[in-house]
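Reader: I would like to learn how to read the features of a fold. Please take me through an example.

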Amino acid sequence: MCGRLSQYRGIHDFVAALSIPNALLNYAGDQPFERYNAAPTTQLALFHRDGEYLRADMVRWGWRPHWAKDRAAPINARVEKVAHGPFFKAIWPHRAIIAIDNWFEWVYEGGPKKQPYLIRHRDRTPILCAAIGQYPIGEHEAGEHDGFVIITADSAGGMVDIHDRRPVALSPELAREWMDPATPKERAEQMVFHEGELSEAFEWFKVDRAIGNVRSQGPALILPIED
């Protein structure tokens, strides 16, 4: 999965997609986010459980443990290693959902530059991606080391032609179970390994190469272009 995504809807659109009746602790604001071209280090709305509440915070995309000072902060975590490797050990229990509108991949099709593709749900609903991170919760306020990573798995079906990795997207029911602190770690691992959404739930199409410039923003970036 390449490091670019969109989160342009507002918090309540994403809450509706999660279908959680609990009261919301909203630290992300009520206005549409309008992040059409979000890159690593961008502050994005992250959902997690805080006691009996669903909570939304603005958290940096990318995280690294404090002892890995000479390494760039990863933005993704491979499902094959995340549960048992030492790097993410501290945050593996801290499960969250990053709700996005779409993500982008770049494909070499000849010529001097790769062609960007947008990937989204066929029904245009938000994509609920499994994530882990360090974020505000309870008495822990926002800190300089906060951040999150998106869990990724091998692509399947036609999506392989776009990129060999994809974010693990969960159904609303599984997303709620993923965030539930009562869900055993073994069950959480099973979910991201075997129960992510299939490629048939998605569609993809070419978009303008302007998406490659991190300064580019606006709804024109998510429109399909002709071959």
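This is a predicted model: local features need pLDDT of at least 70, side-chain atom pairs count only at pLDDT 80 or more; totals for chains, interfaces and linings use all residues.

Reader: In which strand is confidence lowest, and in which is it highest?

Author: Confidence is lowest in strand β12, residues 165-167, at a mean of 87. It is highest in β7, at 98.

Reader: Next, sheets. In what order do the five strands of the open sheet lie?

Author: The general idea comes first. Strands of a sheet pair through backbone hydrogen bonds, either parallel or antiparallel. In this case the order is β3-β1-β8-β9-β13, and the pairing is antiparallel. The edges are β3 (35-38) and β13 (202-206), each pairing on one side only. Neighbouring strands of this sheet are turned by 25° against each other on average, direction ignored.

Reader: How many bridges link β1 and β3?

Author: Two bridges, in the antiparallel sense, link β3 to β1, which spans residues 5-7. For a residue-level landmark, find L5: it stands opposite A38 in β3.

Reader: Now β7. How many of its residues are buried?

Author: Six of six; β7 covers residues 95-100. The cut-off for buried is under 20% relative accessible area. Look at the two sides in turn. R95, I97 and A99 point one way from the strand. A96, I98 and I100 point the other way. The residues on both sides are buried.

Reader: Which strands pair with β7?

Author: One is β4, residues 43-50, antiparallel to β7 over two bridges. There, L46 stands opposite I98, and F47 stands opposite I97. Another is β10, residues 127-134, which is joined to β7 by six bridges and also runs antiparallel. In that pairing, I97 stands opposite A130.

Reader: How many residues sit between β4 and β5 in their hairpin?

Author: Two residues. One to inspect in the turn is G51, with a positive phi of about 65°.

Reader: On to helices. Which residues of α2 are buried?

Author: Begin with the rule. An α-helix has 3.6 residues a turn, so residues three or four places apart point the same way. In α2, residues 172-179, the buried ones are L174, A175, W178 and M179. Seen down the axis of α2, they fall within an arc of 135°, so they line one face of the helix.

Reader: How far apart are K81 and I151 in sequence and in space?

Author: They are 70 residues apart in sequence. In space, K81 and I151 are 9.9 Å apart, C-alpha to C-alpha.

Methods. Residues are numbered from 1 along each chain as its sequence is written. Side-chain values use heavy atoms; hydrogens and water are left out. Two strands pair if DSSP finds at least two bridges between them. Helices (H or I, at least four residues) and strands (E, at least two) are DSSP runs, numbered from the N terminus. Axes are lines fitted to C-alpha atoms, for helices over the stretch in contact, and angles run from 0 to 180 degrees between N-to-C directions. Buried means under 20% relative accessible area, exposed over 50%, partly exposed in between (1.4 Å probe, protein chains only). pLDDT is the predictor's confidence in each residue, from 0 to 100. The arc is that of the directions from the helix axis to the C-beta atoms.
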